Amino acid sequence: MTPPTDEERLRIVMREMLRSGQAGARPPVTPAELRNQASRRTLRRIDTKVVVAVAAVAAVIVTLIAVGPLRSSSGPPHPVTNQPTTTTTTTTPSTTTTPAPTIPAAAASQLDAFVAAESATNSAAATQSGQQPPFITDHSPPEVDGASIVAVAAFSYEPGGLPVQVLGYSGGRWSPVAALPSPTGQAGSNTSASVVYLTQAPVSVADVTGDGRPDFLVMASAADNTPGFVVSQAGGIWRYIAFSGPNAPPGTDVLARQPRFDGNTLVSDYDNCIPDCAQGRNSTIVWTYQPSTGEFTAPNPPGVTTPSTTGTS
């Protein structure tokens, strides 16, 4: 027996549907329509799968564009996350240095004028007091002293009892900043504090105490040995520096026999007075400032066992 064809099977199905009363709900379907309906079901299934696939691909593309390698560089920049910044600062201690003043060109001539005026006043006072000439005035050149400008002047006579004066220059004028009586140990034990015996030699300047500030040597007069004394502020105040050694008994302010500044060293001569001082042998003595005692000391010359006490005579 030959199997039924597709059309025959469709007819059988249709007859069965009609017999069961289900055909009244819809019109008879021809075999062509059944084939079309089957094709549409298949297309719908295919279309659904395509739509789902396309949707999935679209989602992947969107993701790659938004956050992946397909992201456009022209879009808004990625927000920058602020990171804590550590700053290292090296502080160098500041050093404030007061520059040394420059001595004005007019300071020297103004010093000459100031000392000349003081000298005229003191000379008139010396005459009135019965002092015998000569009346001598010496002074140093202007010197830089730290942040100041200073000079030392000495007068043979000063009515106020302060014949040695330290002068300071400020505001275009000179004025006393310290004053000293006559130094101890000069010739003449009865010398008034207002009197100091001077030579015509100018006042010398050097740093012989080693404190970086100027010291001044004033030359005195005493027969033929020409003593001198040092004016200094070593130790913090202006004063005479005492001597202890040859030709200078301890505690005296005056050093005999040609004291002088050799660079920044104080030296003097020594005469052994053998057989007498006129025929004696001279040697040089080097003096050293002692900050612990505030005085100059020197060793004895060769052959001398004890300090000479000849003083300034």
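Gln233 touches Asp145, Asp211, Arg213 and Trp238, leaving aside residues up to four places away in sequence. The model is predicted. An open sheet of 6 strands and a cavity of about 40 Å³ are the other topics here.

- The side chain of Gln233 makes a polar contact with the side chain of Asp145, at 2.7 Å.

**The open sheet**
- Its 6 strands run in the order β11-β10-β15-β14-β13-β12, and the pairing is mixed.
- β11 (248-252) and β12 (260-262) form the edges, each pairing on one side only.
- On average, neighbouring strands of this sheet are turned by 40° against each other, direction ignored.
- Strand β13 (residues 265-271) and strand β14 (residues 282-290) are antiparallel and share 6 bridges.
- Asp269 has Thr284 as its bridge partner in β14.

**The cavity**
- Searching the whole structure for cavities of 30 Å³ or more gives 1.
- The largest cavity has a volume of about 40 Å³.
- Its lining consists of Tyr270, Asn272, Arg281, Asn282, Ser283, Pro301 and Pro302.

Notes. Residues are numbered from 1 along each chain as its sequence is written. This is a predicted model: local features need pLDDT of at least 70, side-chain atom pairs count only at pLDDT 80 or more; totals for chains, interfaces and linings use all residues. Side-chain values use heavy atoms; hydrogens and water are left out. A polar contact is a pair of N or O atoms within 3.5 Å; within protein, one must be able to donate a hydrogen and the other to accept it, and residues adjacent in sequence count only if both atoms are side-chain atoms. Contact means heavy atoms within 4.5 Å. Two strands pair if DSSP finds at least two bridges between them. Helices (H or I, at least four residues) and strands (E, at least two) are DSSP runs, numbered from the N terminus. Axes are lines fitted to C-alpha atoms, for helices over the stretch in contact, and angles run from 0 to 180 degrees between N-to-C directions. On a 1 Å grid over the protein atoms alone, a cavity is a set of points where a 1.4 Å probe fits but cannot get out, and a pocket is an open set with protein on both sides within 12 Å along at least five of seven lines; lining residues have an atom within 4 Å of a point. Grid points are joined across faces, edges and corners, and a volume is the space filled by probe spheres set on the points.
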